[in-house]
Structure formats: structure tokens, C-alpha cells
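Work through the exercises below with the model open beside you. Try each task before reading its solution.

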Amino acid sequence: MAVGVPATKLHLSSFALRPTLLQLAAVAVLCSLSYLAGVWHHGGLTAAPASSSVSIATTASVTCASPAPAVLKRGGSSPPLDFRAHHTAEGIEAVSAPAQRVYEACPAKYSEYTPCEDVERSLRFPRDRLMYRERHCPSEGERLRCLVPAPKGYRNPFPWPASRDVAWFANVPHKELTVEKAVQNWIRVDGDKFRFPGGGTMFPHGASAYIDDIGKLIPLHDGSIRTALDTGCGVASWGAYLLSRNILAMSFAPRDSHEAQVQFALERGVPAMIGVLSSNRLTYPARAFDMAHCSRCLIPGSSMHWKGWQRTKEDLNAEQQAIEAVAKSLCWKKIKEVGDIAIWQKPTNHIHCKASRKLIKSPPFCSDKNPDAAWYDKMEACITPLPEASDIKEVAGGELKKWPQRLTAIPPRIASGSIEGVTDEMFKEDTKLWKKRVGHYKSVISQFGQKDRYRNLLDMNARFGGFAAALVGDPMWIMNMVPTVGNSTTLG
């Protein structure tokens, strides 16, 4: 059963929907009163001249908590409108632009200033083992706050390979070496230029001929040797002429009485650094170089050693026997000796060497020491152990590929998993990434893509050396630097 409720309808007449004349008049009056009240609130009812301009100025500082009222101005010039944000969220300070720093130029006497190799500061330190010639950086109060100027008359260096043989005198204004080493054919002055004939203390007939002699004893052209270290380098002619053999040598010498010798090397476009074998290890990890060279330096830590120059036979023999005794105690083996050149080879692993420590007690193997520590790490009278090997023929740490395959091959340190957090894939991706980046750099920096425009480059965060690898075909060399604050284990 359904119960129905009668529907109710509401009927409005058309008269009720129309506003009356009285209602319209009331609305008009209210609108007029509102307008007049507004005009009176903003300055009264005085009419402004037809030519006057109207502008709104705000206070210089407005906060969200207490905004400043707007002010209506009549007449006069209008200040430019300021559309910058003048308010911040509560408790957050507005970020202002950093103050511009302005550094004055240093006095001209600092044109060759090297902060941690300052000659005057070095005299405060002990002379024992030449420690005063090591790095000694300035304290906070000694640091210069100025821009080191170029020498007077400085000019852009000659492009490589011309720079190997010539440099501007004004760029390295020192004649001392031209006098002291005149008979050794290191360097000579030719008008406004320096000439580098290629001679050296132990190769007065030229570095190229000397390298050819070495090449008769060990392979220099098959790619098995790519990196070399030259101690007491002079003007780095040995390293300069190795470059044409596709061997990259790092030359080093202390800042001593020949204070400009490394500077000459860099001016020539040859890899070099200030350094000395004293109390600290060099800033390189273990197994960083394929070959080390020492010319008349009498350091029994070199794999290549000149026996002497203008020395008596008896004196040379006594000295040679002492050096050989030390080399043998380090488990080194002399493999060649022709004329004044002797070639020593380090062991590929330490299986035999460790067994010999039962008979030869000194020097012992270093214990609990990171072999790759390379920053202010003290030298000790011990043998740095090579990675473990299971067979006498095994190369400790893994065998490197020959050059140029070595450039992009996975390094044994990574392939073996000895570098924590680094994988083969990461190395490959880094190599690809830097090829892409270098291509982009050359497209946006016109000078970077110009041949011979740059020669000496510094990569301040090298990691795997991908930047240098991507530029291997260009006539430049890159000093790879791995900051100690990061993962320095990639340095090797």
C-alpha cells in the first residue's frame, strides 16, 4: 500500500520579482557614500592637477609581521619601482651577496714565490739529511694575501715541441746554471732566449744518445715501460727526450742553490716537481713507476745507476761495492752492466725475499704500514712488502697491460678488489664520462680545443685520471692530484 502526500506548489507573481524604484534609489545612495568615504580617507576631496603623476613608494625594509603602509604621492619625480623581495620567513635571515674580495698584487720579489718551498723559511729547520729542503708550509700568520705577479717581461711559452729546446729568458731570469753547468751542456743563453742542448751531468753528449744506450739494455719501445721517475733531474732533459719514446717521466729536484732548475723544466713543458729524498716519502703510492733513474746521485734506491763521473777507479769500485751490498739486501738483482750504466731490477714478488730474511736480518720488512701512504709519511729503514703471491712467477698485485692498452684496461688494483668501494664498472663509466666531458669542454672553450694552446695542466681532483686519459692524444700533460681528504686509494 502506498500512502501519497498531496504536492505543494509555490506560485510567485511577476510583480514580486521586479525591484521597486525605492530599492534602486537606496542602492545608488549607498554606493555613492562608499565612494566618497574612500576618497576622503586617501587625502580629501581636492582635485589633483591634470599633469600630476601618481606613484607608490614603499619603505626600504618590509617584514611580514608589520608591513609598512603604502603612501600616495602627488607631483614630483617618481623613484624607480623596486620589485625585489623585502621579506623573509620568520626566523630565516635573507641571504645577501658575498662581499667581493679584492687582492692586491704582491711585490715583484715574490714573482717566483713557492709557499711551502720558501728558501728563507727552510733555513729554520735541521740540516740533517737535508730536511730543511723538504716542504715546510707557512703558518697562518705568514701566509701571503696577495696575487703573485709574473716576472717582468713575461711572455707566453713556446708551444710544444719547440719548448723542449727553447724558452724565454724573461720567464725564468736566472743565469747561474748557464755558468755552473756550462761544460755539461745543460743550458745556455742565446739573446733573449734560453737554449737547452739536451746535455746533463752524466750525458754531456745529449740525453737522446744516452737514452738510446739504455734502450740497448732494456726495452723502451714495446710499451712495457710507460712511467718513470728521475731523481735530481737538473733541467729535466732526460724526461724531455723520453716523451718522444712514449714514456712519461716525473722529474724532481730540491729547491737548492739551483733554485730554478724545476722551473726551467716546467717552462719547457716537461713534467717536474720540487722534491727531495730526505725524511719523508715521495707523494706517490707503492708501485707507481715502471722505472726509476738516478744520475750520479749515489742513492742505492734507484733501479738505474750511473757509477760515476771523473772519479778514480779505486774510488768507484769501493762505492759500487757498497751500493751493490745495499741493493742485494733489498732483494734487487743486477741484470745488466755496460760501461757506466748498471741496470737493477726489483723482484716481481717477495716470496724469496721473505725466505731470505731468515739469514739476512737487515733491513726487515715494514710491519703495519700502509704501502700506499703518500702524504707526509716518514721513511723507515725497512722493505715495503709487495702484495701476497702464490707462485714465484706471479707478479705481485697483478700484471699491467702494455701501453697503450694500459690506458683504458681495468687496473689490477681495481680488478683484484683491493680498492674498497671501487668496481670495474665504475672505472669504465668514469672513462666514458670524461671522454664526453672533454669533448664538451672543447666545444664551449675555443682555446681548449686549439692545438698547442696549453701544455701543463693540473687536475685537482683526478680520481682515476679519466680527464688525463681523455686528453692523451693532445700535446699536453696533466698532473693528477688526489686530495687527501677524499678517497686517496685511487692514486695508484
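## Exercise 1: a strand and its partners

Thr-231 stands opposite Phe-252 in β7. This is a predicted model, where local features need pLDDT of at least 70, side-chain atom pairs count only at pLDDT 80 or more, and totals for chains, interfaces and linings use all residues. Residues are numbered from 1 along each chain as its sequence is written, and side-chain values use heavy atoms, with hydrogens and water left out.

**Solution.** 

Step 1. Helices (H or I, at least four residues) and strands (E, at least two) are DSSP runs, numbered from the N terminus. Two strands pair if DSSP finds at least two bridges between them.

Step 2. Find the partners. β6 is joined to β7 (residues 248–253) by 5 bridges, and the two run parallel. β6 is also joined to β9 (residues 291–294) by 4 bridges, again parallel. Thr-231 stands opposite Cys-294 in β9.

Step 3. β6, helix α5 (residues 237–242) and β7 make a right-handed β-α-β unit. Right-handed means that, with the strands pointing away from the viewer, the path from the first strand over the helix to the second runs clockwise.

Step 4. Check burial (buried is under 20% relative accessible area, exposed over 50%, partly exposed in between; 1.4 Å probe, protein chains only). Thr-227, Leu-229 and Thr-231 point one way from β6, Ala-228 and Asp-230 the other way, and all are buried. With 5 of the 5 residues buried, β6 is therefore largely enclosed by the rest of the structure.

## Exercise 2: an open sheet

**Task.** In what order do the 3 strands of the open sheet come, and which strands stand at its edges?

**Solution.** 

Step 1. Read the order. It is β3-β5-β4, with antiparallel pairing.

Step 2. Find the edges. β3 (166–168) and β4 (188–190) each have a single partner strand, so one side of each is left without a neighbour in the sheet.

Step 3. Look at one pairing. 3 bridges join β3 to β5 (residues 193–195), which run antiparallel. Trp-168 stands opposite Lys-193 in β5.

## Exercise 3: salt bridges

**Task.** How many salt bridges does the structure hold, and how far apart in sequence are the parts that Arg-463 and Asp-430 tie together?

**Solution.** 

Step 1. Apply the cut-off. A salt bridge is a side-chain nitrogen of Lys or Arg within 4 Å of a carboxyl oxygen of Asp or Glu. The structure holds 21.

Step 2. Take the pair. The side chains of Arg-463 and Asp-430 meet at 3.8 Å, N to O. Arg-463 lies in the loop between β13 and α11, and Asp-430 in helix α10 (residues 424–444), so the pair ties together parts that are 33 residues apart in sequence.

Step 3. Compare cover. Arg-463 is partly exposed, at 38% relative accessible area. Asp-430 is buried, at 7%.

Step 4. Inspect another pair. Glu-142 and Arg-124 form a salt bridge at 2.8 Å, N to O. Glu-142 is partly exposed at 27% relative accessibility, whereas Arg-124 is exposed at 59%.

Step 5. Look for a network. Arg-281, Lys-369, Asp-377 and Glu-380 are linked in a network of salt bridges.
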